[in-house]
Amino acid sequence: MDLISSHDDTICAVATPIGEGGIGIVRISGPGSLEILTVFRPLPSPQFLQSHRLYHGWITDPSTGERVDEVLACWMGAPRTYTRQDVVEINSHGGFGVLDRLLRLVLSCGARLAEPGEFTRRAFLNGRIDLTQAEAVIELIRSRSEEGLRLAGRQLGGGVRGLVESWRGKLLSCQARIEAHIDFSEDLDESESAEAWEIIEDLRAEVLRPMAELRDRYDEGRVLREGLTLVLAGKPNVGKSSLLNALVGRERSIVTPHPGTTRDVIEDSFLLGGVAVRLLDTAGLRPRGDAIEALGMAKTRESVAEADAVLWMLDQSLPLDEADDAVHESVARCRLLLVLNKADLPRRFTLDDVRRRYPLGPAVPSLSLSVLRRSDIDLFRSRLKTIFLDRPLGSSASGGVIPNLRQKECLDQAVGHLAKALALLDAGGFGELVSLELAHARQALERILGIEHDDALLDRVFGEFCVGK
Ligand SMILES: Nc1nc2c(ncn2[C@@H]2O[C@H](COP(=O)(O)OP(=O)(O)OP(=O)(O)O)[C@@H](O)[C@H]2O)c(=O)[nH]1
Ligand SMILES: [Mg+2]
């Protein structure tokens, strides 16, 4: 996209989802916004038109005088707008026909159809938000859980931006102090060495460490944003479908006393401490099954591969057998939670027997329950929360969490360069090399905020948006 020209013209788009709805909004941004509002009647004369105020009237085709829809329209004068340009929003009735007609009228008055994310791109280019906040807008729109929403909200408020800006400031001032020493790096007197030591400590404690911590929390943030995918696996008839139904609170998956009931992957989700959990029920794995079961089992293995963790279910009322061995083989390399079901029946083996038979690490958590008991399900939920969510929920409350791979990569680079600079400083080098590494670290931080950007980067970020945002 050509930034110079696209930045100065007037763009428009339908800002609400396509389809039938109570209202639909057409959004216009750019210097020609007010002129385009002539499709609205009755339009107050310019000296009486107030910014940020809703006006009631009709969208009228200027060429024929025909009334198209009864609407509320709002003109918002720059710079107190989403894009910092003049913005017009027209609230019409929802529905494809009305919005299509309205949009064509606006286009015929001189606006251009906006690219995906172009409104937010303008907000960024005009300095209203930085790149982390632009990305928060996408996260906010997409978030499916309360935690994800909270995270995006914090980011939109500039949570990550504040941290990154403070590190950038520190790097800048340290770089300046170091550069002041470049000329006499050979032999430092006592006060200079003290200052050098102070700078090193400052960079390590105030920048490198928190930066590395933020980067390391990336995976936790991913769970909060995107939710958790758990797969139920086990031999036939152990109670996988029963557990899915109990967790989601409805009869989603068919349960029968016959082994081999579930043949396809059944998916549903539930909320756990504000996080969306996607739960997959799968066909029981067993060494010999018919052709349909074999296909189901292949799908089971695929699901297992994409899961964050596998809930491996065993039936305590029957002895462990080679079907359990086969399941173990398929799930051994996954993050596991061992679920010993049917605790209401006489037990044929204990947890110790399982651990003796299969080489499970001590870190593999386990619990015994009966899916038929409501209280056990409640207990199971709270165990799931402790195992999978407690750490992320705890830390996100205090520090920031980076929201996407782009920011994580930049942070990785910043950490790498700063660590190199510190290693050089530790080795007694006060010089241009250090300065260069610090500059690279700072530039990586600037890419997070978008202070340093190119069209390719912006295309990538804003390409993720929908049209109208
Ligand atoms: N007594 C008892 N029966 C259970 C328990 N959990 C499940 N069952 C019964 O075990 C049988 C099999 O349950 P399902 O949930 O269909 O088992 P599954 O693992 O999905 O079986 P497949 O789909 O064939 O792989 C049903 O008759 C359930 O009612 C439990 O905790 N105690
Ligand atoms: Mg089943």
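## Basis of the description

Residues are numbered from 1 along each chain as its sequence is written, while chains are lettered from A and ligands numbered from 1 in the order in which they are written. In this predicted model local features need pLDDT of at least 70, side-chain atom pairs count only at pLDDT 80 or more, and totals for chains, interfaces and linings use all residues, with side-chain values taken from heavy atoms and hydrogens and water left out.

## The open sheet

Helices (H or I, at least four residues) and strands (E, at least two) are DSSP runs, numbered from the N terminus. Two strands pair if DSSP finds at least two bridges between them. An open sheet with mixed pairing is formed by seven strands, in the order β3-β4-β5-β6-β2-β1-β7. Its edge strands, β3 (40-41) and β7 (112-113), each pair on one side only. Strand β3 runs antiparallel to β4 (residues 53-60) and is joined to it by two bridges. Within this pair, arginine 41 stands opposite tryptophan 58 in β4.

Axes are lines fitted to C-alpha atoms, for helices over the stretch in contact, and angles run from 0 to 180 degrees between N-to-C directions. Helix α3 (residues 96-108) touches β1 (11-14), β2 (23-29), β4, β5 (67-76), β6 (87-93) and β7, and its direction makes about 15 degrees with that of β2. Helix α4 (residues 118-125) touches β1, β2 and β7, at about 135 degrees to the direction of β1.

## Nonpolar cores

A nonpolar core is a set of buried Ala, Val, Leu, Ile, Met, Phe, Trp, Tyr and Cys residues joined through side-chain atoms within 4.5 Å. Buried means under 20% relative accessible area, exposed over 50%, and partly exposed in between (1.4 Å probe, protein chains only). The largest core has 32 residues, and Leu230, Leu311, Phe380 and Leu384 have the most contacts inside it. Elements that each supply at least two residues of this core include β8 (228-234), β11 (309-315) and α14 (374-398). A second, separate core of 31 residues includes Leu171, Ala212, Ala421 and Leu425.

Leaving aside neighbours within four places in sequence, leucine 384 is in contact with Leu230, Phe270, Leu272, Leu311, Leu337 and Leu389.

## Strand β12

Strand β12 is largely enclosed by the rest of the structure, because six of its six residues are buried. Leu336, Leu338 and Leu340 lie on one side, with Leu337, Val339 and Asn341 on the other. Six bridges join β12 to β11, and the two run parallel; the bridge partner of methionine 313 is valine 339.

Cysteine 12 is buried, with a relative accessible area of 0%.

Serine 241 belongs to helix α10 and threonine 262 to the loop between α10 and β9, 21 residues apart. Serine 241 is buried at 8% relative accessibility, and threonine 262 is buried at 10%.

Notes: Contact means heavy atoms within 4.5 Å.
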